Amino acid sequence: MKIAVIGTGYVGLVSGVCFAEKGNHVICVDHDKQKIEKLQNLISPIFEPGIEELMESNQKAGRLSFTTDLAQAVRQSELIIIAVGTPSLPNGEADLQYIEQAVIEIGKAMNSYKIVATKSTVPVGTNEHIQMILAMNTLESFDVVSIPEFLREGSAIQDTLEPDRIVIGLDNLTLTEPLTELHKPFTDQIFVTSIRSAEMIKYASNAFLATKISFINEISNICEKVGADVTEVAKGMGQDRRIGASFLNAGIGYGGSCFPKDTDALIQIAGNVDYEFQLLKSVVEVNKSQRYKIITKLEGSLGNLSGKLIGIWGLSFKPNTDDIRYAPSIEIVETLIRAGARLKLYDPIAMDKFRAHIDHPAIQWCESALEAATGADAVCLLTDWEEFKTAPLTQLIFIMEKPILIDGRNVFTHEQIDGTGIHYYSVGRPDQKHVTRHKAVV
Ligand code: UDX
């Protein structure tokens, strides 16, 4: 199929590249000239393992190109995929202005029948709104369908090439066959629904995953008080197939570009039809407070944080991405600065983005995990990067002022900590205190 993808953010770029990989001819469109120039030179504007290799092979095969010319791309294509951003408005509602602008431009450019698919996450009813805007801007015939995207940052290529399922929301049933054929190379698990159900499936899925995380985080808080170990509890729960093992890792809560935005939007969507989504409101509140557990643990072991030197391992909202949007690290760092602490920050790739967001004289920017730990009164692990899992823990006792490690993602096992002399605090697990060895005299 000939496909135009409008918007080269995470969803648009990854979808475009993966549709090309499956043999379609894809033109990716963006207004941002610099972004398109980068893409034409096979440089990805997002950090995503494996994406540049796929961009290169598909561009060489003549199946993938990049342009700022939306009209030309629309005219050449049978399927137009809208994948522009839907950021949050101050009240939590999704801001649809980029979608509306794209739809007007698509309508004006259309020269024959087109299928217009929405991949951006949009509130229920938006696709009908899109139909209306299109009708006002073209005399050509068209169909609007909703094909929500479930990819995760950091494993976006694999999630798209081998998804658990594909949901296709359509109201014109004659499209079932061509759209199923288009998606069959990805998976057999294709679920065709009404447009409104497809729109709802995306929000409900993200809200449910966020609920699992807040649920296990609350369980972890209770575990701390009753002396249970949340990792064992989660494992025991997850073995029940009705519950499932994934998304039961307790920690400092979720961040990222989807969960915070989509949970707020769903609360708002419910509110607009006079329904109070009480459960989801609590999920959001629990998530907001969970990140402060790190501060409480720091104060518990160091007392007043004023003047203390704290090493921070990890700034991105999760590993394998440089994305810091809604990352718990932001509020943790801001709170520590307000408390008068001095900070040594390190992240394998998110440092530049974080620095562009927060820069402060209390912050030292470090080039390695060990540098961030050197001289520190405590180290807080905020992102579960592989690099931290294999950090040389035995060295901490020699380089830190006080060997205190607060593990906000339960990365280490007690066996790994045993014998290192580290005072180790994690989330929802019994603390392990060790006799402090004296620092080596160098
Ligand atoms: C999510 C959804 O998984 C994806 O389907 C949707 O399309 C977009 O939103 P993403 O935001 O990329 O994807 O990240 P994900 O891997 O889902 O993690 C989200 C956050 O939850 C991260 O901050 C992560 O650290 C946290 N998390 C995840 C936990 O705290 N515990 C867990 O058990 C799982």
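The questions and answers below go through a predicted model of a protein with a ligand.

Me: How many helices and strands does the secondary structure of the protein come to?
Reply: The model is a predicted one. Its secondary structure contains both helices and strands, and the count is 19 helices and 14 strands.

Me: Why does the radius of gyration of the protein agree with that of a compact globule?
Reply: The C-alpha trace spans about 80 × 45 × 40 Å along its principal axes. For 442 residues, a compact globule would have a radius of gyration near 22 Å. The protein agrees with this because its own value is 24 Å.

Me: What share of the 442 residues is buried?
Reply: A residue counts as buried if 20 or more other C-beta atoms lie within 10 Å of its own. In the protein, the buried share of the 442 residues is 45%.

Me: What part of the contacts with a separation of 6 or more joins residues 24 or more positions apart?
Reply: Two residues are in contact if their C-beta atoms lie within 7 Å. Among the contacts with a separation of 6 or more, the part from residues 24 or more positions apart is 69%.

Me: Into which domains is the protein divided, and how many residues of domain 1 and domain 2 take part in their contact?
Reply: The division gives domain 1 (2-188), domain 2 (202-287) and domain 3 (291-425). The C-alpha centres of domain 1 and domain 2 are 29 Å apart. Their contact takes 11 residues from domain 1 and 10 residues from domain 2.

Me: Which residues touch the most other members of the largest nonpolar core?
Reply: Nonpolar side chains tend to be buried together in soluble globular proteins. The largest nonpolar core here has 78 residues, and the members touching the most others are Ile6 and Ile82. This core takes at least three residues from each of domain 1 (2-188) and domain 2 (202-287). The two residues asked for are Ile6 and Ile82.

Me: Which residues does Ile6 touch, not counting residues up to four places away in sequence?
Reply: Ile6 belongs to the largest nonpolar core. With residues up to four places away left out, Ile6 touches Gly12, Val29, Leu70, Ile80, Ile81, Ile82, Ala83, Val84 and Ala102.

Me: How many residues does the second, separate core have?
Reply: Leu298, Ala341, Ala350 and Ala376 are among the members of this core. Its size is 43 residues.

Me: Which residues come nearest to the ligand?
Reply: The shell around the ligand draws at least three residues from each of domain 1 (2-188) and domain 2 (202-287). Helix 9 (residues 195-226) gives the most to this shell, with 3 residues. By class the shell has 10 nonpolar, 5 polar and 4 charged residues. Of the 19 residues around the ligand, the nearest are Glu153, Asn249, Tyr254, Gly256 and Cys258.

Me: Is Ile269 buried or exposed?
Reply: Ile269 is in helix 11. Beyond its neighbours up to four places away in sequence, Ile269 touches Pro123, Val124 and Tyr203. There are 21 other C-beta atoms within 10 Å of Ile269, so Ile269 is buried.

Me: What is the phi of Phe247, and is Phe247 glycine or a residue other than glycine?
Reply: Most residues other than glycine have a negative phi. Phe247 lies in the loop between helix 10 (230-238) and helix 11 (259-272), and is partly exposed with 16 C-beta neighbours inside 10 Å. Phe247 is a residue other than glycine, yet its phi is positive, near 60 degrees.

Me: Is Asp274 buried or exposed?
Reply: Asp274 sits in the loop between helix 11 and helix 12 (278-290). Though not a glycine, Asp274 has a positive phi of about 60 degrees. With 6 other C-beta atoms within 10 Å, Asp274 is exposed.

Me: How far apart are the C-alpha atoms of Ser246 and Lys212?
Reply: Ser246 is in the loop between helix 10 and helix 11, and is exposed, with 9 other C-beta atoms within 10 Å. Ser246 and Lys212 are 34 residues apart along the chain, and their C-alpha atoms are separated by 8.8 Å.

Me: Which residues is Ser44 in contact with, leaving aside neighbours within four places in sequence?
Reply: Ser44 is in the loop between helix 2 (33-40) and helix 3 (51-60). Ser44 has 19 other C-beta atoms within 10 Å, so Ser44 is partly exposed. Its contacts, with those neighbours left aside, are Ile51, Glu52 and Met55.

Notes: Residues are numbered from 1 along each chain as its sequence is written. This is a predicted model: local features need pLDDT of at least 70, side-chain atom pairs count only at pLDDT 80 or more; totals for chains, interfaces and linings use all residues. A residue is near a molecule or strand if its C-beta atom, placed from the backbone, lies within 6 Å of it. Helices (H or I, at least four residues) and strands (E, at least two) are DSSP runs, numbered from the N terminus. Ala, Val, Leu, Ile, Met, Phe, Trp, Tyr, Cys and Pro count as nonpolar, Asp, Glu, Lys and Arg as charged, and the others, Gly among them, as polar. Domain bounds come from an automatic or database domain assignment. A nonpolar core is a set of buried Ala, Val, Leu, Ile, Met, Phe, Trp, Tyr and Cys residues joined through C-beta atoms within 7 Å. A residue is buried if 20 or more other C-beta atoms lie within 10 Å of its own, exposed if 12 or fewer, and partly exposed in between; C-beta atoms are placed from the backbone. The radius of gyration is taken over C-alpha atoms; the globule rule is 2.2 Å times the number of residues to the power 0.38.
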